[in-house]
Each structure stands twice: as C-alpha cells, then as structure tokens.
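Subject: Structure handover

Hello,

Here is the structure I promised to pass on. Please open it next to this note.

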Amino acid sequence: MTVVHAPDVLEGVPLELLVGGAWRPSASGQTFDVHDPATGEVLASIADAMPGDGMAALDAAAAAQSGWAAVPARERSEILRRAFDLVVVNRERIARLIASEMGKPVAEAYGEVDYGAEFLRWFAEEAVRHSGDYRRSPDGASRILVSRRPIGPCLLITPWNFPLAMATRKIAAALAAGCTVVLKPAPETPLTSLLFARLLQEAGVPDGVVNVVTTSDAPALCAPLIADGRIRKVSFTGSTPVGRLLVAQCGPQLVRPSMELGGNAPFIVLADADLDAAVEGAMIAKMRNMGEACTAANRFLVEASVADEFARLLGERMGRLRLGHGLDAGTEVGPLIDEAAQDRLGELVADAVAHGASVRVGGAAPERAGWFFAPTVLENVPAEARVSREEIFGPVAPITTFTEVDEAIRIANDTEFGLVAYLYTGDPARALRLAERLETGMVALNRGLVSNAAAPFGGIKHSGMGREGGREGIEDYLDITYVAVDA
C-alpha cells in the first residue's frame, strides 16, 4: 500500500470487504488502487471483490434479514442516532478522507459530512413513524387493515461524487425500514464508505445487516446478485445508461428499482431577478463539488436584457477561484475525478466554440499535475452545442440568452432529463406559476441549493424513478400488506 500527501487520512480506514460483520480480503486476494485525483498518485490499495465475494455478502444479508426486521423500530432508531453522533464526532477525519480520494476542497467536504449525517438523524426519526392504517370499507361490511413491512435485502450502488452522503442517504433509509443491505461503492472513492461502515459497527449495527463489497468490476459483481432472487430492491445513483441496464436486470426477478440518474439542469434568470443574488446562486449551483453533481446547473438561460451583466459578474467570480489540492488551505476548486473527465471537458468547450460560443474566462486544463480544469464561462452557446445537451459534470458554465419567458421554459424542458431546475425572478407569484411548468422533479426558486435530507430528492423522465430523503424516502424500502376483517 502506498500513501501520499497526507498519510494520516487513512488511519483506521479498513481496506478489506465487510461480509457478515467480519473484515476480510477478496477470496481471490486481488486488490485495486485508489488514486488521489489532485496528484494522480496511489492513495491506497483495497480488496477487489469478485462475484463470489458478492454472493457471500448477499448470503450474510439474507441470513440477517429476519432478525433485523424483528428488531423494534425504537432500537433501530437509536442505532441510527448513534451512527449520526459518531459521524459528527469524526467530522474532520471523514472530511479529510473525502478531500483526499474525491478531490473536493476540505471546507466543502465538511459540508458533505454535515449533509450526510442529516440522513442518519432524519431516518432515525422516520424509523418509528412509518405505520399502518385502519379503515372502514365503503359498504360498512368489513374493516381494512394496512401494514408495512421491510421489502428485504437491498443492493445499494453509490457514486463517487458524494461518497459519504450517497451512502448515508441509502443505508439510513434501508436500516430504518428494517432492511439489510449490500453496499457497492464506486471504485474511485470507496475509502469513505469503508470508514462509514466501521462507524456503523461501532454504533451497534448487527453483523450481516450492512455488508460492503468494493470492486473494480461492478457489472460482474452486481448482475448475479440481482439475478439471484433474494435481493428485493436495487437503489442506484449514477449515469442514465447504467441505470437503464440495471432496470432491465431487475425485470426478470421483479426487483424494485430506485434510480437517481443524470441531469441537465436549467438555471433560468429573468430580467427582474436580483442579479447579485442570481450570481451567488449560480456559483453554488454550478461550482458545488466542482460541478461534479447531478444537481449542478448545466445550462444558464438568461434573459437577453441582463445577459451581458450576468456573464460579466459570473465571469469575475469564476475567474477568481483558486485551484489546488483539497487538503490545502485556500483551495476553492479541486481536481476532476480522473483524466477522462478532464479530457471530456476540453472536448465540450472546443465543440461549443466550434458552434459559435465565446470563452469569457477559463476554457482549458491548467499546466499542473492532477486532473484540474479551469472554471469556465461560455457565452452565446447555441442549442446544438454538446454542452447544451449533455451533462457537463465539471466547472463549465454555458450561457444562452432568450427574449420571451415561454421560450425559456421551452428550452428548459427540451431535454430527456428532468432532475432539477433553478429559477431566479423578483416576482414570487410568477415564480410559482413557472415552477409548475418546468418538467423536473425538483425546483429551486431564488436559491442555488435544493438538497435537503427532509425533502424528497429525485427526478422524472430519464433522470430516474423513486425518491430519497423526506417522508417519501423510506417508502421504497417497504411492502404493503392489506388484511380484510369482517366487522
């Protein structure tokens, strides 16, 4: 194992698989490397699970399912609350690990830890709230009893961009409902998930309830688990193409899928908006996580009369951002996740320029080690440019102008995606009317942040199905039983 930049970030982090409460190497003994994206150097080598390891994890989850489902809701709640407390106590340790393996500035990583912890607290409370129902049938001849029960073992597949928050959002809901899990974290950022799993053990999660399998070959590992029949739910956050494949794999066994997939978020600025507030919101919506977020503002649609001023203000803010290693003081923008992401951004910018766009600031990868890309603002971006149609996933802000509000709504909805939209206007009533016309699962009005553990997160169209967080977040982990009673 090789460690660079900050050896202390790996202190206490397991580098093996968690199966049935025991940390163990892959059955093959194979490992794969986790890289620091700011330097390209190897951060750690961890166990590389094979299909047999995945089946062992499923065996453990299936064996623990009935016992965990029988644990009183209050006890499950208290375990989740202890997990919340442990994450809070280890806030700095987790944040530094996230900054090392994912690249985001440590100040922003603190925000992810806080956000991720909230799912543990929220679902600790929801664990004792989901209940049944008692109704009288319309003809008065019988009574209708409705109860909810855990759906069963779940396969949870998390992405690399929020390695703690995506794990807590899924695991907390599953455990609150009484489900056991097999967690498959992204190979780019598995270390945070492994540390979190150890904290869950400290919180009192019984053996076999949470199992973690890290692998460099997710399709080979996950396909047999889904086909086995004992997995009853798959929750995935990631790209739309992979989501489509997983939904197809769920079909034969009628496994319940929850998919949080790609986005192409419009950020609409009307002429009556407070431009300073709109730019502040744009910086949050675009630059959170260096733009590597499904909720990131992807297309800036700005009314023509204020477009020049908005572009000037946004360009000034983006141009002042400081690039650096996530652990370094003063860093505001960390690296992209890998070299392929860096190359792709360069291609997107070149394509936009070829279609007539102009670069106000940035536009290229800087000459330095690591997978960085300069914060970029593009103006006069046409609809046919790739950045107008594809998810950017990086610090590039393309600006397109419009003259009529109906035109802005048409452009905003002209995409297969429908995760989130941002809208800035000084007219609250118009804001609500326009929000109803936007084809997205979430809308942020005059704010650049939509994520909240107490709110139902998710999209429509090709951005996915199901919801995570909020009261709705536990429902996908529960089955409904109806009992008819003569009375």
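This is a predicted model: local features need pLDDT of at least 70, side-chain atom pairs count only at pLDDT 80 or more; totals for chains, interfaces and linings use all residues.

Cavities. The count comes to four cavities of 30 Å³ or more. By class, the lining of the largest cavity holds six charged, five polar and five nonpolar residues.

Helix pair. Look next at H4 (residues 106-126) and H5 (residues 165-177). Their axes come within 8 Å and cross at roughly 5°. Angles under 35 degrees count as roughly parallel, so H4 is roughly parallel to H5. On the H4 side, the contact is made by Glu-112, Tyr-115, Gly-116, Phe-119, Leu-120 and Phe-123. They meet Ala-165, Thr-168, Arg-169, Ala-172, Ala-173 and Ala-176 in H5. By class, this contact has eight nonpolar, two polar and two charged residues.

Threonine. Thr-192 sits in helix H6 (residues 191-203). Is Thr-192 buried or exposed? Its relative accessible area is 2%, and buried means under 20%, so Thr-192 is buried. Leaving aside neighbours within four places in sequence, Thr-192 is in contact with Ile-94, Leu-97, Ile-98, Glu-101, Pro-163 and Leu-164.

Best wishes

Conventions. Residues are numbered from 1 along each chain as its sequence is written. Side-chain values use heavy atoms; hydrogens and water are left out. On a 1 Å grid over the protein atoms alone, a cavity is a set of points where a 1.4 Å probe fits but cannot get out, and a pocket is an open set with protein on both sides within 12 Å along at least five of seven lines; lining residues have an atom within 4 Å of a point. Grid points are joined across faces, edges and corners, and a volume is the space filled by probe spheres set on the points. Ala, Val, Leu, Ile, Met, Phe, Trp, Tyr, Cys and Pro count as nonpolar, Asp, Glu, Lys and Arg as charged, and the others, Gly among them, as polar. Helices (H or I, at least four residues) and strands (E, at least two) are DSSP runs, numbered from the N terminus. Buried means under 20% relative accessible area, exposed over 50%, partly exposed in between (1.4 Å probe, protein chains only). Contact means heavy atoms within 4.5 Å. Axes are lines fitted to C-alpha atoms, for helices over the stretch in contact, and angles run from 0 to 180 degrees between N-to-C directions. Angles under 35 degrees count as roughly parallel, over 145 as roughly antiparallel, 65 to 115 as roughly perpendicular and the rest as oblique.
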